[in-house]
Amino acid sequence: MERHYTVEKHTQILIALLKAHGIRKIIASPGATNVCFLGSIQQDPFFEIYSSVDERSAAFIALGLAAESGEPVALTCTGSTASRNYIPGLTEAYYRKLPVLAITASQHLGRVGNNYGQVIDRSSPLADIVNESVAVDCVYSEEDEWACAVNINKALIALTKDGGGPAHINLVTTYSRDFSCEKLPDVKKITHISGIRNMPSLDEYKHIAILVGVHRKWSKNLSMAVEEFCGAYNAVVIMNHASNYKGDYGYNPDLINNMKQYTATSPLADLVIYIGSVSRYGSNMNEREMWRVNPDGKIRDNEKKLTRVFAMEEVDFFRYYADLKKGKNNNYAKQWQTEYEQIISEVSELPFCNVWIAMTLSKLLPENSVFHLSGSNTARAWNFFSISKTIECYSNDGTMGIDGQVSALIGESLATPDRLHFGAVGDLTFFYDMNSLGNHHVGKNLRLLIVNNGVGAEFKIYTHPVSEFGETGNPYMAAAGHYGNKSPNLIRHYAEDLGYEYLTASTKEEFIESAKRFTTPEMTDKPMIFEVFTNAQDESDGIYAMNHIASTSAGKAKDLAKNLVKAVAGEKGVTTVKKIFRK
Ligand SMILES: Cc1ncc(C[n+]2csc(CCOP(=O)(O)OP(=O)(O)O)c2C)c(N)n1
Ligand SMILES: [Mg+2]
């Protein structure tokens, strides 16, 4: 019988990525646990394999071969103590920064610590033997397959990045005897680029978008470089408030991306350049490639499309390309901006809720103030609308916890006491962190809006799984009724006794009245708390209204198909429908 590659998918992915990264030299030691890997590569003429029974010797042979050839060299051995004998050679390679890849073989990782024969624990490598250590396990789903490739890429990149050095892959095996796979899967190679000598061309990309996650204040140089880049390459900047982008090419995708019966008419980008940190939203571009630019040079593949990581300052990346080409083309950004403007101008009557409050207050926030936006439904609501470009925005989007939003706002307000600092939080978010308001450093420049709906309204929004529980979701999952259950006095007393000016509203009219005071651009003599009472049904209706402002026939068809499939095949089917319609 002719043998090809093992049917183990994760092992195929490893082999395909070794080839993609040009790793052909292998030192093989005998055993049973690495048979799927070794039996596969020995029939592939790409690989140049040498045998060494003694694993300690194998590792030293590998480093010698790497040193003289200038190529990375991989090691493969079986389970048990075989891999332990790599330690001296890997240690030597570590201190000489030589690219040696140890591929150790393992039985099912759940067997570790259960006295299975020849199963040892490799989860904690010594501090000075490898730059990166990953476990590569069997794949059973698309997500497993993606994670498997990402982890392998991480280890392979570590061989040469930052001056290079050894890396480790702990490869699980099922001991399959089936070597009938004739063709390796297509894999996504991720390339690490540091320094501007190896910058790729942008010519092949028709539409380029820059996706900005939560981002610190932009330096003047970065702003200039991005504006010039966008003009030259006709790019759009996808951003939300926490991105802090203040230029001319911005587009906030939250409104259009969440529209249930609408398909965007502006063309999708084929390249998305991702900067900043964690992003609360996705680009929804279904891009061919994503590039990440960050001095940390790390793989962060949150759209599963990452092909290149640029280990450099954002400003250096954009300046490099902006210096290559000049232009002032803003058609692409304009298309997205116009599409957004058209839809937002059609917002219908909204109930009194976070969305209405955000729509109203976003126009009233004084120029040059600072805004802290908390998470949950508050962030969802505010990100539908734009705020003045003179307002900086902060958000704990690194982790999106409800635990320290008020404290973070206080910290921001201490840094610039002569600027007004506004914050917007929900009731659970407020009560979690309410003690911080008693901090005696709080200044008169702080103004906090609390939207008190007596529950984690997030969980009552019609799209949230908890909303399907109805009333039975309230006591535990949505945490309704805590903290005085919308008491009209509790926060008032606390705020006033601490020396805050207290404002409140329960209707649109009352809100408009109190908002005038709340947004007065003068520095008043006390900090302010503005408590607004809404209810969860209105919160949900507000989001529903925003998600249904406009429709297209393709969007309606998508919605119909999704609902039908959900009724028949459940959530898994819905994911498939979403994929089909994104193409
Ligand atoms: C520390 C932490 N615990 C739990 C959560 C999960 N969580 C997300 S939103 C939310 C409810 C927030 O309620 P609230 O502040 O009242 O805002 P609303 O959704 O009502 O607008 C919770 C508990 C979280 N994000 N952070
Ligand atoms: Mg709430």
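Tutor: Here is a short chat about a helix pair, the ligand shell and a loop residue.

Student: What should I know before we start?

Tutor: It's a predicted model, where local features need pLDDT of at least 70, side-chain atom pairs count only at pLDDT 80 or more, and totals for chains, interfaces and linings use all residues. Residues are numbered from 1 along each chain as its sequence is written, while chains are lettered from A and ligands numbered from 1 in the order in which they are written.

Student: At what angle do helix 10 and helix 15 pack?

Tutor: About 35°, with the axes of helix 10 (residues 354–361) and helix 15 (residues 508–518) 11 Å apart. Helices here are DSSP runs of H or I, at least four residues, and strands are E runs of at least two. Axes are lines fitted to C-alpha atoms over the stretch in contact, and angles run from 0 to 180 degrees between N-to-C directions.

Student: Which residues make the contact?

Tutor: Trp356, Ile357, Thr360 and Leu361 from helix 10, with Lys508, Phe511 and Ala515 from helix 15. Contact means C-beta atoms, placed from the backbone, within 7 Å.

Student: Switching to ligand 1: how many residues surround it?

Tutor: 18, the closest being Gly426, Thr429, Gly456, Ala457 and Glu458; near means a C-beta atom, placed from the backbone, within 6 Å. Helix 11 (376–382) and helix 13 (427–432) are the elements giving two or more residues to that shell.

Student: And where is Ser80?

Tutor: In the loop between strand 3 (73–77) and helix 4 (87–96). Not counting residues up to four places away in sequence, Ser80 touches Gln118 and Ile120.

Technical notes: Contact = placed C-beta atoms within 7 Å.
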